[in-house]
Amino acid sequence: QPDDRGLIGDVPVLRVTRRGPEAVHFVPAALEPGAEVLLSLDWERRFDHMQQHSGQHLISAIAEQMFGFKTTSWELGRQRSVIELDTPLVTAEQVGALEKSVNEKIRDRVPVTVRELAADDPEIETVRSRGLPDDHVGPVRVVDIKDIDSNLCCGTHVSNLSDLQVIKLLGVEKGKKNKTNLVFLTGNRVLKSIEQSHSTEKALTSLLKNGPGEHVEAVKRLQSSVKLLQKNNLNLLRDIAVLIAQDFKSKPAPKQLFVLHRKEGDSEFMNIIANEIGTEETLLFLTVGDEKEAGLFLLAGPVKAVENLGPRVAELLGGKGAGKHGRFQGKAAKMSRRGEVQALLQEFISHQNPGA
């Protein structure tokens with residue numbers, strides 16, 4: 001169970017941990033030894049932990065009674081909690097029956113009590129437990145849910161199951177080998193979840209222009225439309241790439257360097273241009289993405305030239321890349337330095353052809 005928060009006087013408590021029998025409080029400022037202070041507890045946080053922890057005890061006890069599912073561990077999360085059950089499978093029917101049963105116990109207003117036993121009390125053997133910490137000293141706490149469960153526990157709990165309000169089992173997830181994780185919410189977390197779901201539902205109703213019962217079908221239609229648009233966009237980019245290459249090749253005296261940047265594009269777009277132009281004699285520097293931030297680049301041309309220039313181009317663009325067979329491509333973080341790359345390539349070509 002997560003630790004409590006609050007104030008010591010006006011000093012906030014950042015963390016509480018246990019060292020043997022001592023509760024150690026971490027605070028951002030020194031406190032005067034011996035001073036009398038008012039302790040203020042973050043009750044909303046504490047009560048939330050009480051609800052989730054007592055809810056876990058109840059769920060674990062009923063799951064074992066109804067189906068023989070033993071709890072091997074659990075996690076009290078910030079938004080949802082998870083119980084690890086020692087079984088490879090929990091069916092939807094079992095989840096439904098378990099949820100119905102635990103909520104019946106809540107409506108029955110079953111008392112929850114805490115008692116202490118000596119560490120050597122033989123009764124401890126009859127209490128559900130995963131063992132004591134190695135540094136434990138003193139008596140042990142037993143949390144009893146009347147006629148349902150007795151469990152060794154050092155956490156904070158409600159005094160009656162009615163304080164849990166309601167338990168919602170959200171379903172199961174695959175756990176570790178031959179284990180199943182049961183996800184649940186208790187009390188105020190259920191109310192918050194409903195509030196959040198309702199707000200989301202209202203927003204979707206406004207955006208999709210239909211009722212909640214039609215949201216799923218509306219989203220499916222949108223997804224289909226987006227896929228079709230993406231497919232059409234890809235086909236158009238391919239056609240544009242071919243036209244760009246054909247225009248370059250149709251010129252009477254093709255240049256030794258071809259440079260192109262297009263905001264809309266991808267690796268396939270650049271490679272189509274390189275394939276159509278051919279890289280045996282022409283050095284190509286192609287980029288796509290944001291003009292001043294991040295994007296993709298492709299350097300293509302004669303093998304030796306690309307092997308020499310590729311790493312230097314990547315370095316200038318603040319990116320990383322790799323290549324073979326006359327192509328070097330990768331990601332660029334500084335697309336604004338494309339001009340420096342072009343100057344580097346032009347200088348390289350000038351040295352290769354001093355009379356040009």
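**Entry 1: a first pair.** I began with arginine 45, which is partly exposed at a relative accessible area of 25%. I noted that the model is a predicted one. I looked for the partner of arginine 45 and found aspartate 3, the two side chains meeting in a salt bridge at 3.4 Å, N to O. Aspartate 3 sits in the segment before strand 1 (6–8), arginine 45 is in helix 1 (residues 43–67), and the two are 42 residues apart, so I wrote the pair down as a link between distant parts of the chain. Is aspartate 3 buried or exposed? Its relative accessibility is 18%, so I filed aspartate 3 as buried, the cut-off being under 20%.

**Entry 2: the neighbouring pair.** I went on to aspartate 4 and found a salt bridge with arginine 46, where the closest N and O atoms are 2.8 Å apart. This pair also joins distant parts of the chain: aspartate 4 lies in the segment before strand 1 and arginine 46 in helix 1, 42 residues apart.

**Entry 3: a pair between strands.** I then checked aspartate 144, which forms a salt bridge with arginine 115 at 2.3 Å between the closest N and O atoms. I placed aspartate 144 in strand 9 (residues 140–145) and arginine 115 in strand 8 (residues 112–117), 29 residues apart, which again links distant parts of the chain. Aspartate 144 has 11% relative accessibility and counts as buried. Arginine 115 has a relative accessible area of 27% and is partly exposed. As a reminder to myself, side chains of opposite charge can pair when their charged atoms come close.

**Entry 4: an annotated stretch.** I looked up the UniProt record, an unreviewed entry, and found residues 140–183 annotated as "domain: Threonyl/alanyl tRNA synthetase SAD".

**Entry 5: the largest pocket.** How much space lies in the largest pocket? I read off about 1500 Å³. Its lining has 46 residues, and those nearest the centre are Arg18, Arg141, Cys153, Cys154 and Gly155. I listed some of the elements that supply at least two lining residues each, among them strand 3 (15–19), strand 4 (22–26), strand 6 (71–76) and strand 10 (149–152). Helix 1 gives the most, with 5 residues. By class, I recorded 18 nonpolar, 16 polar and 12 charged residues in this lining. Where does the largest pocket lie? Domain 1 (6–41) and domain 2 (43–131 + 138–204) both give residues to its lining, so the largest pocket lies between them.

**Entry 6: the second largest pocket.** I noted a volume of about 500 Å³ for the second largest pocket. It is lined by 19 residues, and Asp48, Arg78, Gln79, Arg189 and Lys192 are the closest to its centre. Helix 1 and helix 3 (188–208) are the elements that give two or more residues to this lining. Which element gives the largest share of the lining of the second largest pocket? I wrote down helix 1, with 6 residues. By class, this lining has 5 nonpolar, 7 polar and 7 charged residues.

Terms used:
Residues are numbered from 1 along each chain as its sequence is written. This is a predicted model: local features need pLDDT of at least 70, side-chain atom pairs count only at pLDDT 80 or more; totals for chains, interfaces and linings use all residues. Side-chain values use heavy atoms; hydrogens and water are left out. A salt bridge is a side-chain nitrogen of Lys or Arg within 4 Å of a carboxyl oxygen of Asp or Glu. Helices (H or I, at least four residues) and strands (E, at least two) are DSSP runs, numbered from the N terminus. Buried means under 20% relative accessible area, exposed over 50%, partly exposed in between (1.4 Å probe, protein chains only). UniProt positions are given in the numbering used here, feature names are shortened, and annotations may be inferred rather than shown by experiment. On a 1 Å grid over the protein atoms alone, a cavity is a set of points where a 1.4 Å probe fits but cannot get out, and a pocket is an open set with protein on both sides within 12 Å along at least five of seven lines; lining residues have an atom within 4 Å of a point. Grid points are joined across faces, edges and corners, and a volume is the space filled by probe spheres set on the points. Ala, Val, Leu, Ile, Met, Phe, Trp, Tyr, Cys and Pro count as nonpolar, Asp, Glu, Lys and Arg as charged, and the others, Gly among them, as polar. Domain bounds come from an automatic or database domain assignment.
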